[in-house]
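Please read the points in order, with the sequence and the model at hand.

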Amino acid sequence: DRHVVVVGASLAGTRAVEGLRALGHAGHITLIGAEAELPYDRPPLSKDLLKSDWSDDAVAGFRLTSAEALTAAGVELKLGVAATGLDTVARVVRLADGTSVGYDVLIIATGAIARPSPWRPESGVFQLRTLADSRAIAEQLRTGAPLVVVGGGFIGTEIAAAAVGFGCSVTVVDPVAEPMARIVGPDVAGSLVGLHERHGAQARFGVGVTDIRGKLGALEVLLDDGSTIDTAAAVVGIGSIPCIDWLEGSGLTLGNGVLTDGMLRAVGADDVFAIGDVARWPHPGRGVEVRAEHWTNASDQARYVATALTGGVSEPYGSTDYVWSDQYDWKVHTIGWRDPNGSSALVRDLARDGKTAVVHSNGAGEPTGVVTVNWVRGLNLARRLLAAGDPAERIVAELEQLA
Ligand code: FAD
């Protein structure tokens, strides 16, 4: 039976090895991860865990698996050691400790890191991708000192909401006028800005950061409109970059991730797959190559490849395209995607009772996605209708009836 090596021991990697065993793969499995930590879930890092008491129980609740479970599944676990190179001809992964591991099948699940801050004051700039990052930010928030969040995307605004909860005076800065509009559309993006302002966070959108100077406790954030914000600390959340450095020279097709075919097989080598935040694949619905950075996609791609390797699946990977975000007491959910050249129909207004839904269509009027706020029943209905291929008008009408 073939030896499957999985590089990257987080959501995608863990779900892949679990899936392989669950679906009957009998051969050897090796799971290699750069972090010394047992695999853990990342969404809570900007949500529940950030606000938690950081007790052992709180942290343990967000582990994806245990050493015992992996041992019981016969998975050889190598944590705290990064892969540094790949030879796809000899079928060998080189590791940072100087050893190497041969494979019959390789699954690349190395995810992404936070895009490094271009601004480097002496100290006081935080970023969020790992458990250690979240703990450091949590400690800072507990001081109640002023905070600037650079980047008004989901992660930045979730941190802002948590910081407000700790009594910090918070300013969110983003060069884009409506940073979340790309995903949720202008209606919901506008409501989200209002939500943050009502809670006392300041939004400085449409203004870029030119520099951050000073040190923790006494930072200056310089903006391109000539103004300066004095603050104690800053969190820089300006996107992520895929972990592909270790694959240079391997013959794989790299560039904003590892390019795969529709079955998630890496282009450029046999028996190599890429899944999760590191994978860029031709999205069947969107007609373009996509690198998704969402929990459900990482989990689904892992299951898909595990199924393929155990003899199932002949269809290309069809994406779920499901994302959520928690901001204060709001739950934002999106299914599908938003075509910037398309249109959006607001089904239910937030002002009425705090629930909303927006249906996105592409330039040809076909529905591509739905966003809901605080309305899980609407979300579930929309998910069913989208999957059934119903036209946009029908989805809007059914949602209106449910409302
Ligand atoms: P990752 O989780 O990035 O894991 C990759 C692993 O590979 C890491 O442990 C890394 O150390 C390791 N690695 C990297 N390079 C190497 C190497 N050379 N050798 C060995 N190991 C290596 N998604 C949602 O859908 N909803 C949310 O609300 C949400 N919230 C989020 C909040 C935060 C703060 C963050 C950071 C992410 C959030 N996400 C959310 C995204 C979601 O967590 C990711 O999509 C998911 O973690 C992707 O899993 P992955 O296994 O592909 O990659």
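**Note on the contact between domain 1 and domain 2**

1. Across the interface of domain 1 and domain 2, the rule finds 8 residue pairs in polar contact, both residues being at pLDDT 80 or more. A polar contact is a pair of N or O atoms within 3.5 Å; within protein, one must be able to donate a hydrogen and the other to accept it, and residues adjacent in sequence count only if both atoms are side-chain atoms.

2. The model is a predicted one, in which local features need pLDDT of at least 70 and side-chain atom pairs count only at pLDDT 80 or more, while totals for chains, interfaces and linings use all residues. Residues are numbered from 1 along each chain as its sequence is written, and side-chain values use heavy atoms, with hydrogens and water left out.

3. The chain is divided into domain 1 (4–113 + 240–309), domain 2 (116–236) and domain 3 (329–402); these bounds come from an automatic or database domain assignment. To the contact, domain 1 gives 19 residues and domain 2 gives 16 residues, where contact means heavy atoms within 4.5 Å.

4. Between them, domain 1 and domain 2 bury about 1,500 Å², of which 63% is on carbon and sulfur atoms. Buried area is the accessible area (1.4 Å probe) that two parts lose on being put together, summed over both. In domain 1, the residues that lose the most area to domain 2 are S46, L50 and W54, together 40% of what that side buries.

5. The rule also finds 2 salt bridges across this interface, a salt bridge being a side-chain nitrogen of Lys or Arg within 4 Å of a carboxyl oxygen of Asp or Glu. D277 forms a salt bridge with R129, with the closest N and O atoms 3.1 Å apart.

6. By this rule the count comes to 15 salt bridges. D277 lies in the loop between strand 19 (272–274) and strand 20 (279–282), and R129 in the loop between strand 9 (125–126) and helix 5 (131–141), so the pair ties together parts that are 148 residues apart in sequence. Helices (H or I, at least four residues) and strands (E, at least two) are DSSP runs, numbered from the N terminus.

7. Which residues are closest to the ligand? Of the 30 residues that surround the ligand (a heavy atom within 4 Å), the closest are E35, R42, K47, R129 and D277. A polar side-chain atom of E35 lies 2.6 Å from an oxygen atom of the ligand.
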